[in-house]
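Dear colleague,

Please find below the structure I am handing over to you, together with its sequence.

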Amino acid sequence: MIFTPINFGKHKNKTIPQVVFSDLDYFIWAITEDVFKSPVLKRKAEYVYRRIRNIKIPKDNHDDYEIEYLIHAPTGKF
């Protein structure tokens, strides 16, 4: 799927996947508030949202899971 950049708001010129990776909270807020008005953008946002909602964490060997926290050195963001 080819994603075209968003043409409005704080994430103008980013694609939906770029927004998801950089600001997931905004993306989920935008999809639930029906911010994506263009039919093409809305369809692609809903496609990504369905994929996100279907992520399943495996239940086997849960004691082996590790969480890695990262700080982006140039920006200091968590």
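In helix 2, which spans residues 24-32, the residues Tyr26, Phe27, Ala30 and Ile31 are buried. These four cover an arc of only 125° around the axis, and therefore lie on the same side of helix 2. An α-helix has 3.6 residues a turn, so residues three or four places apart point the same way. Please bear in mind throughout that this is a predicted model.

What do the buried residues of helix 2 pack against? Their partners are helix 1 (16-22) and helix 3 (39-53). On the other side of helix 2, by contrast, Asp25 and Thr32 are exposed.

Two residues deserve a remark on their backbone. Most residues other than glycine have a negative phi. Aspartate 34, which follows helix 2, has a positive phi near 60° although this residue is not a glycine. Aspartate 34 belongs to the loop between helix 2 and helix 3. With a relative accessible area of 32%, aspartate 34 is partly exposed, because that value falls between the limits of 20% for buried and 50% for exposed.

The other residue is asparagine 13, located in the segment before helix 1. Its phi is also positive, at about 75°, and asparagine 13 is likewise not a glycine. The relative accessibility of asparagine 13 is 58%, so this residue counts as exposed.

With kind regards

Notes: Residues numbered from 1 in each chain as written. Predicted model: local features only at pLDDT ≥ 70, side-chain atom pairs only at ≥ 80, totals over all residues. Heavy atoms only, no water. Buried < 20%, exposed > 50% of the residue type's maximum accessible area, 1.4 Å probe, protein only. Helix = DSSP H or I, 4+ residues; strand = E, 2+ residues; numbered from the N terminus. Arc of directions from axis to C-beta. Contact = heavy atoms within 4.5 Å.
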